[in-house]
Amino acid sequence: MFSIEDFSYMAIALRLAEQGLYSTQPNPRVGCVIVKNKKIIGEGAHLKAGDAHAEVIALGQAGAHAEGADVYVTLEPCNHFGRTPPCVDALVAANVRRVVMAMEDPNPLVAGQGKFRLQAYGIEVLSGLLEQQAFALNVGFIKRMTQSLPYLRCKIASSLDGRTALNNGESQWITGEPARLDVQNWRAQSCAILTGIGTVLSDNPRMTVRIDGVTRQPLRVIVDSRLNTPIDCNLLQTTQQAPVLIAYAIDSNHKLADFQATGVECLHLPNTFGQVDLKSLLQHLAQRGINEVLVEAGQRLNGGLLEAGLIDEFIFYYAPKLMGGDAKAMFAFPELKNMSQIRDLKILDVRQVGQDIRLRAKPLHTSE
């Protein structure tokens with residue numbers, strides 16, 4: 001069905017799509033290559049919401065030579081007006097011969113309609129080429145479109161014996177600088193960073209992206225059931241640099257007005273236990289166009305998210321250190337009584353980062 005050349009050109013389109021890894025949110029990352037007579041005559045990548053889509057950029061490079069050409073695109077061309085006109089219209093106007101898609105767009109506004117419209121104009125359309133790679137590039141966008149939830153990655157730095165902090169809360173630094181720099185890349189591709197009040201009180205983090213050339217900062221979200229976040233903490237002192245949302249259940253300290261006066265957004269999401277309803281919080285984030293969330297929290301929030309089945313992927317950083325049984329664990333959840341209750345994971349990737357080991361894994365109940 002697909003030739004060796006087809007695979008080669010789609011691989012180039014996927015590499016182009018990766019250029020938008022840190023910047024396209026809430027849009028998907030898309031790349032496009034236009035080929036005629038076995039030569040690339042146009043390339044494009046969508047880099048920012050509101051900017052031209054990958055197909056339009058590639059068609060602009062190809063110009064009149066696009067007539068009769070083959071188009072390789074990592075996601076089904078759109079067939080609706082958003083911030084930009086439909087890409088299908090541009091492809092039809094250019095009179096291309098064939099469109100090869102890596103995958104169909106899960107957005108209900110597209111969802112096969114782009115494909116069918118191209119076919120209606122006599123353009124040959126094929127899909128499914130390097131589909132898994134295209135899926136992996138947009139896991140957050142796809143989950144938001146299909147489940148109305150963002151894709152949740154839980155980052156945990158620990159010793160080899162699985163401890164994340166000393167019993168007194170001290171945790172800086174378990175891992176080395178290369179691992180901490182690696183975390184910056186995960187932050188940069190996320191739309192939001194989620195943490196808990198325990199981490200705010202013990203570590204007083206900023207949780208901003210610090211990569212040269214990256215200007216987009218993710219939304220920083222604090223799960224704080226009783227609004228105990230200090231007004232002078234680092235997260236709230238850097239709101240001009242990156243926005244902050246506090247999800248709470250009870251204003252036990254009568255601080256809501258103080259937060260609102262400083263411009264911090266507060267979201268009231270109580271569950272029946274007087275805690276923040278975590279699933280409702282993630283649904284709210286999805287409604288705001290949040291595709292990917294990176295969790296950087298302690299054992300209580302990690303455990304709550306795990307218990308609720310909301311974690312899609314773990315990113316473990318293991319440092320060659322031992323901290324002992326009295327140090328804090330990765331997750332806090334009720335004691336397991338038998339082995340059948342153990343959470344099984346599928347390992348996705350293992351590699352060394354500096355002196356530390358990065359292990360990515362997926363709960364087996366989640367989709368691939």
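**Close-up views of a predicted model**

In strand 9, Ile222 is the bridge partner of Thr195. This is a predicted model, in which local features need pLDDT of at least 70, side-chain atom pairs count only at pLDDT 80 or more, and totals for chains, interfaces and linings use all residues. Residues are numbered from 1 along each chain as its sequence is written, and side-chain values use heavy atoms, with hydrogens and water left out.

**View 1. Strand 8 and strand 9 pair in the parallel sense.** Five bridges link strand 8 (residues 192-196) and strand 9 (residues 219-223). Two strands pair if DSSP finds at least two bridges between them. Helices (H or I, at least four residues) and strands (E, at least two) are DSSP runs, numbered from the N terminus. Contact means heavy atoms within 4.5 Å. Axes are lines fitted to C-alpha atoms, for helices over the stretch in contact, and angles run from 0 to 180 degrees between N-to-C directions.

**View 2. Strand 15 and strand 16 form a hairpin.** Strand 15 (residues 345-353) and strand 16 (residues 356-363) run antiparallel, joined by eight bridges. Gln352 stands opposite Ile357 in strand 16. Two residues lie between the strands, and Gly354 takes a positive phi near 65 degrees.

**View 3. Helix 3 and helix 4 meet.** The axes of helix 3 (residues 87-94) and helix 4 (residues 113-120) come within 10 Å and cross at roughly 20 degrees. The two helices are therefore roughly parallel to each other. Angles under 35 degrees count as roughly parallel, over 145 as roughly antiparallel, 65 to 115 as roughly perpendicular and the rest as oblique. Val88, Asp89, Leu91 and Val92 of helix 3 make the contact with Gly114, Arg117 and Leu118 of helix 4.
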